[in-house]
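Please work through the following exercises with the coordinates open. Each one sets a task and then gives a solution in steps.

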Amino acid sequence: MDAMRLSRRHWLALLAGASYSLTFACGQPPTPAAGPTAAPAPAPQTQPTTAQVAPAPPTVAPGGGRRADVITTTLLALPPSLFWNIPNGWSNLSKTDALVGDWLLMPDADGILVPRLAREVPTLANGGARFDGEGAERRLRVTYRLRDDLVWQDGAPLTSDDVRFAYELQANPEFPLIDRSLADKVEEVRAPDPLTAEVVFKRGTFDPDYARAADVAPRHLWSSIPPAQLLKSQFAANPVHAGPYRLKEFKPNEYALYEANPRYWTGPPKTSTIVLKVAADSNAMFAQARAGQQDITMFGYTGADLLPELEKFAADGRYRVIVRPSTSTLIVGLNLDRPHLADVRVRRALLAAMDREGMNKAILHGRVGVLNSWMTAASPGYLADLPAPPGGADAARALLAEAGWTPGPDGILRKGDQRFEISFWGRTEDRQRETYMQAIARDWKAIGVDAKITLQPTEQVFGKKGAGVISRRDFDAIVWQVSPMDAAGGYTMWHSSQIPSTANNMTGENYFGWRNQRADDAMLMARTSTSEEERLAAYREHQRLFMEDLPALPLFSHDLIHLVRSNVRGYRPTNSVRVADTWNVAEWEADPA
């Protein structure tokens with residue numbers, strides 16, 4: 001029976017008729033997503049390149065002719081706090097950061113580092129980074145040259161002392177960082193003159209992301225506030241930084257309105273006002289686009305199920321659809337400290353039971369790849385030919401029986417007095433993810449595992465530092481879109497030192513509780529070797545160990561979907577949910593509608 005695969009129509013019909021334990025945090029269950037239409041053949045996509053360094057971008061010059069004064073963009077959600085550059089579980093925070101803030105260096109649409117507040121990207125090749133000393137005394141020094149006449153949005157000078165202050169914050173354990181892996185390798189930041197900052201690494205340390213070790217923070221505004229209180233300060237609702245736009249109005253769960261910063265280092269942005277609107281889900285986002293209420297719709301991975309409808313809508317030329325192959329992976333994260341999930345045979349059974357290919361065809365129109373890795377093809381080091389455990393319900397039942405689970409009178413497996421139940425978490429704003437969860441719950445039910453689905457708002461599920469169930473590790477399983485390569489190259493997500501606890505001030509994103517010494521060693525090699533060949537080999541080994549141990553169950557790679565009005569120019573979305581699609585917002589412009 002398990003060898004039989006269902007047709008798309010039959011698959012969806014079973015899904016719609018299935019009954020599951022489903023809990024919503026508030027209100028009534030949302031309206032199901034509209035069924036997708038038949039998918040046309042996908043257009044070929046250029047794969048993003050590996051991390052490189054681009055030359056300095058030209059200064060944004062005023063364009064000729066009339067322009068629209070406002071560009072309206074719709075997102076799935078906005079974070080409750082807009083404090084600059086503190087990850088809090090919201091991928092959209094990076095989008096707001098790039099409007100208000102700026103960095104010394106920033107990844108562009110293809111992940112290539114480009115200089116922003118710094119004049120150039122320091123590298124070992126151009127001499128901006130260099131090694132001093134020999135043997136155990138060898139250390140890395142990275143020098144940043146700031147642009148002339150930089151100012152914060154309030155007009156105060158931005159200098160190398162603000163680079164040093166940013167490091168002082170990062171090094172302070174009270175500052176609510178999620179990832180300290182790079183900052184922990186730095187010994188000090190020097191400011192020999194107002195336009196020069198030097199990052200001095202600790203002896204014997206290296207990080208392939210060394211060029212991103214430095215940041216900027218306004219000492220004149222933040223230094224009087226205890227680091228632990230910054231997220232509760234006035235700057236959480238009214239951020240002040242050095243970016244192209246200033247926040248003018250913010251209504252949580254509704255919109256954020258930004259006005260051009262006349263002091264921006266390239267000159268005023270091309271569009272005077274940017275509005276970020278919130279929609280309840282991907283169907284609401286599409287409805288707003290059809291009603292002509294927005295210029296850019298950032299569906300991201302949530303638009304994959306709607307892609308054929310989006311392409312049909314854009315066929316008349318009024319809009320265009322942008323599809324970016326991404327570094328993001330959809331996984332079912334597992335809490336390995338739960339006794340019933342600690343046995344690798346159980347985890348392999350859960351993966352074997354899932355009809356991942358059926359979900360891909362029925363929900364995503366077969367347009368993404370089923371993964372056997374935590375990486376995607378858009379990431380250097382991706383290992384494409386890793387096998388999954390033998391699939392199907394029979395194989396899953398055999399593994400569970402081997403692990404000591406036997407069917408109970410209600411068909412649900414038991415081991416002694418324990419009934420095999422899984423608390424299965426997702427967020428209310430993502431209807432596509434809910435559909436995955438229902439399909440997975442159906443597959444698990446068929447092998448005697450009772451998955452109880454709970455949906456709550458993003459902050460309650462994915463909030464960092466104990467704000468959400470994932471960071472408190474108060475879950476059995478959770479559907480999560482992750483970009484591990486953008487989280488210190490996977491270190492903060494997979495290394496055992498990154499399991500959040502009160503002892504490490506809830507630092508890290510290894511919410512799975514994965515402890516595997518061989519995997520730790522491979523990850524350390526990938527993050528410390530100066531040899532690219534060694535780093536890539538270590539990543540390949542790490543992926544093999546991941547598939548052996550399965551701390552999370554891989555589902556799909558994901559394309560990132562954007563619907564853009566044809567009169568909008570300069571919009572170049574990125575290939576990662578953790579890298580801002582607004583990275584070049586100062587260059588966005590639109591002709592009057």
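This is a predicted model: local features need pLDDT of at least 70, side-chain atom pairs count only at pLDDT 80 or more; totals for chains, interfaces and linings use all residues.

**Exercise 1. The chain as a whole**

Task: State how many helices and strands the chain has, what percentage of its residues count as buried, and what share of the contacts with a separation of 6 or more comes from residues 24 or more positions apart.

Solution. 
1. The secondary structure comprises 15 helices and 22 strands.
2. The chain has 593 residues, and 59% of them count as buried.
3. Among contacts with a separation of 6 or more, 70% are between residues 24 or more positions apart.

**Exercise 2. Packing of H14 and H15**

Task: Determine the angle at which helices H14 and H15 pack, the handedness of their crossing and the residues that make the contact.

Solution. 
1. Helix H14 spans residues 517–528 and helix H15 spans residues 532–549; the angle between them is about 155°, and their axes are 8 Å apart.
2. Because angles over 145 degrees count as roughly antiparallel, H14 is classed as roughly antiparallel to H15.
3. The crossing of H14 with H15 is left-handed.
4. On the H14 side, the contact is made by Arg518, Ala519, Ala522, Met523, Met525, Ala526 and Arg527. H15 contributes Glu534, Arg535, Ala538, Tyr539, Glu541, His542, Leu545 and Glu548.
5. By class, the contact residues of H14 and H15 comprise eight nonpolar, one polar and six charged.

**Exercise 3. Packing of H7 and H9**

Task: Carry out the corresponding analysis for helices H7 and H9.

Solution. 
1. H7 covers residues 344–353 and packs against H9 at an angle of about 165°, with the axes 8 Å apart.
2. This angle makes H7 roughly antiparallel to H9.
3. H7 and H9 cross in a left-handed sense.
4. From H7, the residues Arg345, Val346, Arg348, Ala349, Ala352 and Ala353 meet Ala396, Leu399, Leu400 and Glu402 of H9.
5. The residues in the contact of H7 with H9 comprise seven nonpolar, no polar and three charged.

**Exercise 4. Salt bridges between separate parts of the chain**

Solution. 
1. The structure holds 40 salt bridges.
2. Lys95 belongs to helix H2 (residues 93–100), while Asp581 sits in the loop between strand E21 (568–569) and strand E22 (589–590); the two are 486 residues apart.
3. The cut-off for buried is under 20% relative accessible area. Lys95, at 7%, is therefore buried, and Asp581, at 5%, is likewise buried.
4. Lys185 is in the loop between helix H3 (160–171) and strand E7 (186–193), and Asp207 is in the loop between strand E8 (196–201) and helix H4 (219–222), so the bridge ties together parts 22 residues apart in sequence.
5. Both Lys185 and Asp207 are buried.
6. Glu311 has a relative accessibility of 23% and counts as partly exposed, whereas Arg367, at 14%, counts as buried.

**Exercise 5. A network of salt bridges**

Task: Which residues are linked in a network of salt bridges?

Solution. 
1. The linked residues are Arg130, Asp132, Arg141, Glu188, Arg190 and Glu198.

**Exercise 6. Positive phi**

Task: Find where His365 and Leu550 are placed, give the phi of His365 and of Leu550, and decide from the accessible area whether His365 and Leu550 are buried or exposed.

Solution. 
1. As background, most residues other than glycine have a negative phi.
2. His365 is not a glycine, yet its phi is positive, at about 60°. His365 is placed in the loop between H8 and H9.
3. With a relative accessible area of 13%, His365 is buried.
4. Leu550, also not a glycine, has a positive phi of about 50°. Leu550 is found in the loop between H15 and strand E20 (552–565).
5. Leu550 has 0% relative accessibility and counts as buried.

Notes. Residues are numbered from 1 along each chain as its sequence is written. Side-chain values use heavy atoms; hydrogens and water are left out. Axes are lines fitted to C-alpha atoms, for helices over the stretch in contact, and angles run from 0 to 180 degrees between N-to-C directions. Helices (H or I, at least four residues) and strands (E, at least two) are DSSP runs, numbered from the N terminus. Angles under 35 degrees count as roughly parallel, over 145 as roughly antiparallel, 65 to 115 as roughly perpendicular and the rest as oblique. A crossing is left-handed if the near helix is turned anticlockwise from the far one by less than a right angle, and right-handed if clockwise. Contact means heavy atoms within 4.5 Å. Ala, Val, Leu, Ile, Met, Phe, Trp, Tyr, Cys and Pro count as nonpolar, Asp, Glu, Lys and Arg as charged, and the others, Gly among them, as polar. A salt bridge is a side-chain nitrogen of Lys or Arg within 4 Å of a carboxyl oxygen of Asp or Glu. Buried means under 20% relative accessible area, exposed over 50%, partly exposed in between (1.4 Å probe, protein chains only).
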